[in-house]
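Hi,

Here is the structure I promised to pass on.

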Amino acid sequence: MIFNSVIFLIFLPIVFSIYWLLSKKSLKIQNTYLLIISYFFYGCWDWRFLFLIAASSLIDFWVAKKIKASQKKNTKKVFVGISLVMNIGLLGFFKYFNFFADSLVDLFNLVGFHADYTTLHIILPVGISFYTFQTLSYTIDVYRDKIEPSNSIVQFFAYVSFFPQLVAGPIERATNLLPQFQKKRTFEYDKAADGMRQMLWGFFKKVVVADNCAVFVDQAFADPSMSSSGELFVGMIFFAFQLYGDFSGYSDIAIGSARLFGFDLKQNFAFPYFARDIAEFYRRWHMSLTNWFKDYVYFPLGGSRVGLNKKIRNVFIIYLISGFWHGANWTFIFWGFLNALYYVPLMLSKRNRRNLEIVAANSFLPSFRQGYAIFETFIVTCFIRVFFRADSIEDAFLYIKRIFSFQGNTWGNLDKISIAVIIILLVVEWINRKEQHGLAIGNRPVYIRWGSYMTLFLIILFFGKSSTSFIYFQF
Amino acid sequence: MKKYIKKVSLFLFVCFVILTAILLKYGGNIDHFYNKFTTPKAKSMILGDSRAMQGIQPEILNKAIKSSGKDYELPVYNYAFTIAQTPMGPPYRKSILRKLDKESKNGVYILSLTPWMFCSGDDYNDDLGEFREQDQPPHNMLYVDVNPNYEYILRNLNLFSFRHVFKTNYLLHKDGWMERKKLSKDEFSFNSRKKVQKDMIVDFLDYYKLSNVRKQSFYDLIKDLKEHGDVFFVRSPIDLDILEIENKFYPEFDNFIDSVAISNGIKYFNFTRHPKLKEFSNYDGHHIDKKGGELFTKALADSILSANQ
């Protein structure tokens, strides 16, 4: 079941109605009900992997209790180690086993040993990268005494499997989400109404922006040698909007859905295409992952409070791991490497924390300098993203090389609809850039609100496309 | 909560009204098959694949039958789809019987036939009841005669393209005939379209195999339809090179249809041997265009009417 399907549009109101009608009096019923529907939601993909998520949850529930009960630091370490090995082991087996095996064979062949190996057919369980990180954060936070271990197995299981964010995030920390499962939710009109608005905006971003751009992007990346420089350039720019529309659209629908049930998930995208440098960009892009790496990898390595060499090393580690998290392919690792290369000069010149506030916070339009910085950041990240999208590093270099070969003088069959919806996206998000999401218009006059809802509905209806998945499901 | 439900209901109601208006007014623009499920149960039908869906125009047939004074029960609806959806077989038979008005006693049923309609895909075992078409319309539809048809939109939303309200190349008429619009008539465009179709048909050679289950279902369908009127077989006019591929795949096809026709007292009109074959113009080698379709349907109507004289 995916968000942009008719089944979900039927599933959500039914689940919502039963939730508030039957379970409003008891926290236990609320949580049990959410757990059942979350498992049902996940089971719609492949019920066999329910055992995996249940086993992962059970072990971390038990480990957290053991950590808390242990008096000795070393015993605590052993238990947190069990959690780390188990979660990273699961991820490693399902996501990276073939990658390591293939790479090892390639290495042997490179040094002259003949090695042969048949790749195992391992199915990647949907959402495994997200929920393993979520449960890991729980055991680590218990180990660090940031949170008490959960006493209720239902609460904990419901937290791990909470259906709006189970498949592609946001990666919710136990410190934020688990306490919300520990107190009874009451219906709040403003929260639910804003949740609906955020969902509507998410649908627009996914089915209109991302899925329209996808058509051009797929053509451009399928065989770069068949496209003109102009087409490849547009394909690269459209990919930026496809990825953003797809993933931030998913996050908006997830956060909006969660609000209908009385939960507040963390903001996952804060208008990253208005960022003025790469540091700001990643503070605004997939924030739940960035913050996870920052808290559980970057800071323990010393962060930026170490010597120059270690500082640079830490930046590379964080971006390389981030790349590898996205997929078992050298393209993602190289993409991470390029991001680190782009980031390091900024850090060395101590300009990486220059842009903490949203651009043009006190004016409607940005200054020329700000506008140029936004443009430059956007274009550079677009070029880096070619490695994210291409099938291999060679393909990515070929793609970029062809852009600069200035071959062919056409822009291809440019879809005017894609351009128009990208403009709508940028204008609306610019207007609401200080808010939590693009359609946070709860305080605007009624005619603006209802005008926006109906306009978006018509745009989705007339210009939406159907796709069968979200890009980030594969991660 | 009441306020919330009231506002959400209002929003959904307005969306629902807009959607309904579009379905009623532009159902034929926004989906290739939607209109076929919005007309009443049919007393007479055109059945088959895309050649029949685009080539046989019910309006012309209805006029010709009416003016001849024949007492066939009208109107005729075009309930043909595409080869991917409606080869002969239990699913199509079931859907035809759903669409059929059981009260009809003197209907006319035109079965447009091709060799591919008696085949199964290589990766399906129809002896086990596996049919490649079973998840698609019309087989995923329970209600085939309601207007507006919300079941269709719920089950097949991915097939809709609402932007075609403004501009469309395919218009599905209310009577089920699909009109191909805005065709470039130059030779280059024709050849490119034909190449795509020809390549597809060449691929069929490897993918398809004749199926006894589908043949049996064809016999059952004839029996069902004969209870409600007259049945006619037709093979649509197509370009000779495409015909050659089909004959290579199933050299005995015409003999097979002839024998079934004779044993059931049914007329078989084979337009691939028609003297005016070239006048039935097509736009890609085997799908007849609007003008060719007018001539073809008239010729078919004449054949049907003269068959019973």
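This is a predicted model: local features need pLDDT of at least 70, side-chain atom pairs count only at pLDDT 80 or more; totals for chains, interfaces and linings use all residues.

Lys191(A) and Glu188(A) form a salt bridge through their side chains, at 3.9 Å from N to O. Glu188(A) is partly exposed, its relative accessible area being 42%. Both residues belong to a network of salt bridges that also takes in Asp194(A), Arg197(A), Arg259(A) and Asp264(A).

Over all chains, the count comes to 28 salt bridges. In one of them, Asp224(B) pairs with Arg93(B), and the closest N and O atoms are 2.6 Å apart. This pair links distant parts of the chain: Asp224(B) sits in helix α7 (residues 212-226) of chain B and Arg93(B) in helix α4 (residues 90-99) of chain B, 131 residues apart. Asp224(B) counts as buried at 16% relative accessibility, while Arg93(B) is partly exposed at 26%.

The other joins the side chains of Glu179(B) and Lys290(B), 3.7 Å from N to O.

Now for the interface. How many salt bridges does the rule find between chain A and chain B? It finds 0. As for polar contacts, the count across the two chains is 3 residue pairs, both residues being at pLDDT 80 or more. On the side of chain A that touches chain B, the classes come out as 19 nonpolar, 2 polar and 2 charged residues.

In terms of contacts, 23 residues of chain A meet 19 residues of chain B. Together the two chains bury about 2000 Å², and carbon and sulfur atoms give 79% of that area. The residues of chain A that lose the most area to chain B are Tyr189(A), Trp450(A) and Phe462(A), which together make up 31% of what that side buries.

Three helices of chain A, namely α1 (6-22), α9 (189-222) and α18 (446-463), each supply at least two residues to the side that touches chain B. The largest share comes from α18(A), with 9 residues.

Among the buried ones are Phe156(A), Phe157(A) and Tyr159(A). The cover over the buried residues of α6(A) includes α2 (27-46), α3 (50-69), α5 (128-143), α7 (163-166) and α8 (174-181) of chain A.

Back in chain B, strand β1 (residues 44-47) has partners in two other strands. It pairs with strand β2 (residues 76-78) of chain B in the parallel sense, over 3 bridges, and Ser44(B) has Val76(B) as its bridge partner there. Strand β3 (residues 107-112) of chain B also runs parallel to β1(B), and 3 bridges join them; in β3(B), Ile110(B) is the bridge partner of Ile46(B).

Which way do the residues of β1(B) point? Ser44(B) and Ile46(B) point one way and Met45(B) and Leu47(B) the other, and all of them are buried. In a regular strand, side chains alternate between the two faces of the sheet.

Asp123(B) is exposed, with a relative accessible area of 55%. Leaving out residues up to four places away in sequence, Asp123(B) touches Glu130(B) and Tyr207(B). The side chains of Asp123(B) and Tyr207(B) make a polar contact at 2.8 Å. Those two residues are 84 residues apart in sequence, yet 8.3 Å apart in space from C-alpha to C-alpha.

Cheers

Conventions: Residues are numbered from 1 along each chain as its sequence is written. Chains are lettered from A and ligands numbered from 1 in the order in which they are written. Side-chain values use heavy atoms; hydrogens and water are left out. Contact means heavy atoms within 4.5 Å. Buried area is the accessible area (1.4 Å probe) that two parts lose on being put together, summed over both. A salt bridge is a side-chain nitrogen of Lys or Arg within 4 Å of a carboxyl oxygen of Asp or Glu. A polar contact is a pair of N or O atoms within 3.5 Å; within protein, one must be able to donate a hydrogen and the other to accept it, and residues adjacent in sequence count only if both atoms are side-chain atoms. Helices (H or I, at least four residues) and strands (E, at least two) are DSSP runs, numbered from the N terminus. Ala, Val, Leu, Ile, Met, Phe, Trp, Tyr, Cys and Pro count as nonpolar, Asp, Glu, Lys and Arg as charged, and the others, Gly among them, as polar. Buried means under 20% relative accessible area, exposed over 50%, partly exposed in between (1.4 Å probe, protein chains only). Two strands pair if DSSP finds at least two bridges between them.
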